[in-house]
Amino acid sequence: MAADYPEIDIAPFIDHALLTPTATPEQVEQWCEEAYRFNFAAVCVYPAYVKQAVELLHGKEPKVCTVIGFPAGATTSAVKLYEAQEAADSGATELDVMINLGWLKAGKTEEVHREIAEICEATGQTIKVILETNLLTDAEKKLAAEISMEAGAAFLKTSTGWNGGATVADVKLLKEVAKERVGIKASGGIRTVNQALDLILAGATRLGTSRGIDLIRQRDNLEESG
């Protein structure tokens with residue numbers, strides 16, 4: 001490993017994401033095989049592919065994660081709740097739920113809290129709330145984080161990747177707010193192993209990326225050159 005970074009195995013941090021609208025069943029199979037082969041934390045797929053991923057990873061370590069209300073977060077609470085329950089019933093054990101940003105910015109904090117809390121309670125699964133930090137002020141990020149934690153979220157997730165990606169500054173801010181109470185998932189735009197390591201050192205406990213294999217190869221090259 002390069003001298004600037006400690007020895008960190010990044011594979012167990014990675015949520016191997018396949019969230020392109022054109023994802024095919026063949027790609028889901030590939031992503032699940034890679035997640036198992038490289039010991040990634042999870043594979044993250046659209047709800048339509050949860051059952052397939054659960055079957056492929058049955059009895060294996062990687063968890064099956066899916067997205068709820070993705071990527072805008074502006075569907076109704078009833079729709080989000082149904083989507084989350086269906087995903088959990090299909091075998092997903094981790095749900096990345098997009099927060100309603102319009103409600104947050106309008107000061108409808110009770111509505112934001114209730115929506116997340118209902119999903120946490122109804123599914124009983126690991127809920128990662130996507131804050132979309134690039135569209136929020138620092139004050140809004142802190143507010144969204146506090147609401148999410150109070151509602152029962154297990155992780156604070158930075159971004160969908162559709163409106164910019166994770167930054168070290170945002171991960172540090174969320175870590176400061178979380179005070180070790182929940183995990184922090186940095187997601188979006190993670191293309192290099194140095195980015196990944198910087199985010200981990202800043203406090204990220206998960207990394208959402210479609211480039212997990214590239215990151216592992218880059219890490220191996222760093223170790224060889226270090």
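## Two helices side by side: α7 and α8

Helix α7 and helix α8 (residues 193–202) pack at an angle of about 20°, and their axes lie 8 Å apart. The axes here are lines fitted to C-alpha atoms, for helices over the stretch in contact, and angles run from 0 to 180 degrees between N-to-C directions. Helices (H or I, at least four residues) and strands (E, at least two) are DSSP runs, numbered from the N terminus. The model you are looking at is predicted, so local features need pLDDT of at least 70 and side-chain atom pairs count only at pLDDT 80 or more, while totals for chains, interfaces and linings use all residues. Residues are numbered from 1 along each chain as its sequence is written, and side-chain values use heavy atoms, with hydrogens and water left out.

How are α7 and α8 set relative to each other? They are roughly parallel, which follows from their angle. (Angles under 35 degrees count as roughly parallel, over 145 as roughly antiparallel, 65 to 115 as roughly perpendicular and the rest as oblique.) α7 passes α8 in a right-handed crossing; a crossing is left-handed if the near helix is turned anticlockwise from the far one by less than a right angle, and right-handed if clockwise.

On the α7 side, Val168, Val171, Lys172 and Lys175 meet Asp198, Leu199 and Ala202 of α8. Contact means heavy atoms within 4.5 Å. By class, this contact of α7 with α8 has four nonpolar, no polar and three charged residues. (Ala, Val, Leu, Ile, Met, Phe, Trp, Tyr, Cys and Pro count as nonpolar, Asp, Glu, Lys and Arg as charged, and the others, Gly among them, as polar.)

## A second pair: α5 and α6

Now look at helix α5 (residues 109–123) and helix α6 (residues 138–151), which pack at about 40° with their axes 8 Å apart. α5 and α6 are therefore oblique to each other. The crossing of α5 past α6 is right-handed.

Which residues make this contact? Thr109, Val112, His113, Ile116, Ala117 and Cys120 come from α5, and they meet Leu143, Ile147, Ser148, Glu150 and Ala151 in α6. These residues divide into seven nonpolar, three polar and one charged.

## A closer look at α6

With 14 residues at 1.5 Å a residue, α6 should span 20 Å, and its end C-alpha atoms are 20 Å apart, which agrees. The expected span of a helix is 1.5 Å times one less than its number of residues.

The buried residues of α6 are Glu140, Lys141, Ala144, Ala145, Ile147, Ser148, Met149 and Ala151. (Buried means under 20% relative accessible area, exposed over 50%, partly exposed in between, with a 1.4 Å probe and protein chains only.) They pack against α4 (101–105), α5, β5 (126–130), β6 (155–157) and α7 (168–178). After α6 comes glycine 152, whose phi is positive, near 110°.

Most residues other than glycine have a negative phi, and most peptide bonds are trans. Proline 71 sits in the loop between β3 (63–68) and α3.

Two glutamates have a positive phi without being glycine: glutamate 132, near 55°, and glutamate 180, about 70°. Glutamate 132 is in the loop between β5 and α6, and at 0% relative accessibility it counts as buried. Glutamate 180 is in the loop between α7 and β7 (183–187), and at 67% relative accessibility it counts as exposed.

## In and around α3

Alanine 84 belongs to helix α3 and counts as buried, at 0% relative accessibility. Not counting residues up to four places away in sequence, alanine 84 touches Ile68, Leu95, Ile119 and Thr123. Alanine 84 and glutamine 125 are 41 residues apart in sequence, yet 9.5 Å apart in space, C-alpha to C-alpha.

The loop between α3 (77–89) and β4 (94–98) holds threonine 93, and serine 90 is found in that loop too. Serine 90 counts as buried at 17% relative accessibility, whereas threonine 93, at 31%, counts as partly exposed. Leaving aside neighbours within four places in sequence, serine 90 is in contact with Val50, Lys51 and Val54, and threonine 93 with Lys63, Val64, Gln125 and Thr126.
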